[in-house]
Amino acid sequence: MNRSLFLKIASALLLFGAWEISGRIPVSFAFPTFVESMTALFVIIIDGSIFVAYADTLQPLLLGVFISTILGIGIGLWVGLSEKFDWFISPIFIVMQAAPLAALIPLLIMVYGVDLASKVFVVCIMAMPVIVLNTGNAVRNTPISIKEMGKAFLGSKKDIILKIILPSSSPIIFAGLRLGVSAGFIGAILAELKITPTGIGDIISYSRSVGDYPTMYAAIFSIIVLAVIFLNSLEKIENYLFKGNNKGYISD
Amino acid sequence: MSETSSNEIAVSVKNVSKNYGEVEALKNMSLDFPKGQLTSLLGPSGCGKTTLLKIIAGLLPASSGEVLVNGAKVTSPGPDRAFVFQDFALMPWASVIRNVAFGLELRGVNKTERESVAQKYISDVGLKGFENSFPHELSGGMRQRVGLARALSVNADVLLMDEPFSAVDEQTRRKFQEDLLNLIKVEKKTFIFVTHSIEEAVYVSDQIAILLPRPSRVSEIIKPSGFKHKDVDSIRKDSEYLDIVDKIWKSLRTYVQ
Amino acid sequence: MRLFGYKLPGMSSLLIWGMLWEIIGRSKITYFIPSVTEIFHTFLEILPSPAFVQAVSETGYALMSGLFFATFIGIPLGILMGKNRIIDEILLPWVNIFLSAPLTALVPVLMVLFGFGMKSIIITTTLFAIWIIMLNSRAGVLQINRSLVEMASSFGAKPLDAFFKVYFWAALPEILGGVRIGFIRAVKGVIIGQLLISVVGFGALFEIYSSNFLMSHFWAIIFVLFTLAFFFAELLAFLERKVSYYASNR
C-alpha cells in the first residue's frame, strides 16, 4: 500500500516537475510553468470566480447526469429483460454511441438556446447511450443459475429484479456510469467552449483571448481534478453498495 | 434397515414427459419418493435426471403428466421444497449470512429473525465464524455448504439436490457424503438427490432410482439396506456396498459413450 | 426477436425509426429535422463537390495520423506497463485519469501551443485514442498464460523470438479490441478537435452548414460520418473476431 502511494506521489511530482521545467524553456510564451498556473488557480479560488463559474457549469452537468442515470438504467433494465424492446430501441443507442454526437452540440445550443434545459439535454444525449447499452448487456447476461435460485426460493418478479439482477449487473452498470459521466462532462464543456460564455468554459475561453495563459491552464487543471474526484466517488459508492463485488485488485 | 412405509409418499411423479422441440428429455416417467428418506436419481448424462428434479422443484413445467408433493399438484416452486444447486448459485455481492438468509428474506421474514435462523444453520454446516465473509473468499466446498445452509433454513419438507457435490474436489466430496448421512439422521426431511456417481448414490441413499437415457426411463430401483446401520467409515468397505456398486456399474456401462 | 416465426436481423428496427423520421420530416414539425429523402438527395448533391471531398480527405488524414500515433506509441507503452511493475505503477494512475477525464478541456491548450491547424487536430485525435489502447495492450499482456511464458523459455526462445512468435499473438485479441475502441474514440476526437479548432475537414463543414441552418446538408454529413465510422469499426471488429478464435480458449 505504502509503496504504491509513494510511487503515485513520485509520478505526480515527476509530471508537475516536467511541466515546471518545460514552462521555463522558452518554447512558447503560451506555456506557463506549473507554479505560475497553480498561482493563477489560487487567485481564482480566493476571489471566488471559480466557484461562480462551476455553479454555472455543474448545474446542467449534475442534473443531466442524474436524469441520465435514472432513465438510462431504467431503459437499460427494460432492454435487458424484454427481447422485443431490445430489438426496437437498442439500435438507436448503438447509433448514438458510434455517431459523433459532439457535432450536434453547437447546433442544439444555437437552436434551443443557452438555458438550463438545453444544456441538460446535451449532457443527457452524451451520457445516456453508454449507460443504456451497458445496463442492457449486463441484465441480459445475468447468470441463469442465480435467477433460477431466486425463483426456487419463491422470489417475486420484483424481488428477482431488485435483489438479484440489478446487484449482479452492478459492476458493468457502474462501468457504464463512469463512461457516461465523462461523456456528459465532455458535452457540458464543449457547449461552453463553443457557444455559451458561461461557466468554467468561459474562464478558459476568456483567459485565452486575453492571453492570460496561467489562468487558462488553471481552469483546465481544475476540470481534470474535478472529473477525477467525481469518478473516484462513483467508485467509492459502488464499493460501498456492493462490497462483495470487489474481488481485490482488478486490472481494467 | 429402513423400511418404506408405502402409505407415506412425499413426492409422486406420474407419467411425466418433457419435450424440448422434438427432443424427448423425459417420456412417461413415473416414480415415487418415500417420505423421510433419501432417494437418488442415478444415471449417465442425458438420462433426464436434472430435468426431472427441476420439474419437481417447479422450475420447469412438464409437457405432460403431473407431480404431486404431499398430495398437492406442483405448478411452480413452493415453500414445501428447497433446492441445492450444482454451481452453488450464491450471490457474490452478498455476505454468507445474507446468502443463507435469502430464502427467508424472499418470504418476508424480518431481519433479526431470519438472521438468527441463518446463524443456526451456518453453524450446523460447519461455517461458524464465516458469517460476514463473501463467496469469493471461500473455497468451493465452503460455498456449497452455504448453499446447503440456505436450503435448510427455509425448513421445507423436501430437499432437492442437483449434483451438489460434483463441483468440489474429491476429498471434500467424501467429507460431504459423510456429513450428509449425519444430516439425514438429524433432519426429518425427504431428500431427492441427483448424481452421476455410483459410489455416492449407494453410499448415501435409502433407495436408488436408476435412470437410463433415450428414452429416459426408470430401469430399476435398488434399496441398499444391509449397511445402513454402520458408521460412516465402515460403509465403504462393506461387501454389500461393494457388490451393489459393481452391479450398477455393470448395467450402466453399456450406456456410457 | 421473431415476427411470424422469422428471426428479424439486429438493427432492423432502424427501418422503423427511419420511417418515423421521414414522417416527422415531411410534416415539417421542426426545421431541425428534414425528411430522410431530402437528406439523401442533398447527400448525393454534395458527394462529388470539392468541399466535401476535401473534408473527407482532411478528416481521414487527421484520423489516420492520430490513430497511427496512438497505436505506435500506445501499444508498446501498454505492453511495457504490462511487463514491468514499476512503469505500471507510475503510468497507470495517469492513464486512468486521462481515460475518463474530459479531454475536450485539453483542446484549448493544444490550440494555444500548436496553433489552429492540422497539427493540433492530429494531436487531439491521438490523445483521445491512446489511453484505451494502452490499457488494453497492458491487459492483453497481463493475461498471457504463465505456462506459455514457461513453454517459450523451456524451448530456448530468445527474447525477440518469444515476443514476436508467442507473446504478441497471445495478447493480440485484447490489443485489437483496444484499437477498435480507440478508433471510435479517435473519431470523436477528430470531430471535437475540428469543432473547436474548426478550420479544416468536417468541422469546417459543420460550422458552415449549422450557421447557415442548412439542415439537410448538416444531417447528410452526420450520416456520412456515422456510416464511415460504423463501417470501419465493424471492419476492426471483424478482424478482432478473426483473431479471437483462440482467445476464448485461453
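Here's a quick briefing on the model above. It's a predicted model, in which local features need pLDDT of at least 70, side-chain atom pairs count only at pLDDT 80 or more, and totals for chains, interfaces and linings use all residues. Residues are numbered from 1 along each chain as its sequence is written, while chains are lettered from A and ligands numbered from 1 in the order in which they are written. The model scores ipTM 0.77 and pTM 0.80.

**Chain A**
- You'll find ten helices and zero strands in chain A, counting DSSP runs numbered from the N terminus (helices are H or I, at least four residues; strands are E, at least two).
- Of its 252 residues, 45% count as buried (20 or more other C-beta atoms within 10 Å of the residue's own, with C-beta atoms placed from the backbone).
- Take the contacts in chain A between residues at least 6 apart in sequence: 74% of them join residues at least 24 apart (a contact means C-beta atoms, placed from the backbone, within 7 Å).

**Where chain B meets chain A**
- Here 20 residues of chain B are in contact with 17 residues of chain A.
- Helix α3 (residues 102–106) of chain B gives the largest share of chain B's side, three residues.
- That side of chain B splits into 15 nonpolar residues, three polar and two charged (nonpolar: Ala, Val, Leu, Ile, Met, Phe, Trp, Tyr, Cys and Pro; charged: Asp, Glu, Lys and Arg; polar: the others, Gly among them).

**Confidence in chain C**
- Chain C averages a pLDDT of 83, and 95% of the residues score at least 70; pLDDT is the predictor's confidence in each residue, from 0 to 100.
- Among the elements of chain C, helix α6 (residues 118–142) has the highest mean pLDDT (92) and strand β1 (residues 2–3) the lowest (66).

Methods: A residue is buried if 20 or more other C-beta atoms lie within 10 Å of its own, exposed if 12 or fewer, and partly exposed in between; C-beta atoms are placed from the backbone. Two residues are in contact if their C-beta atoms, placed from the backbone, lie within 7 Å.
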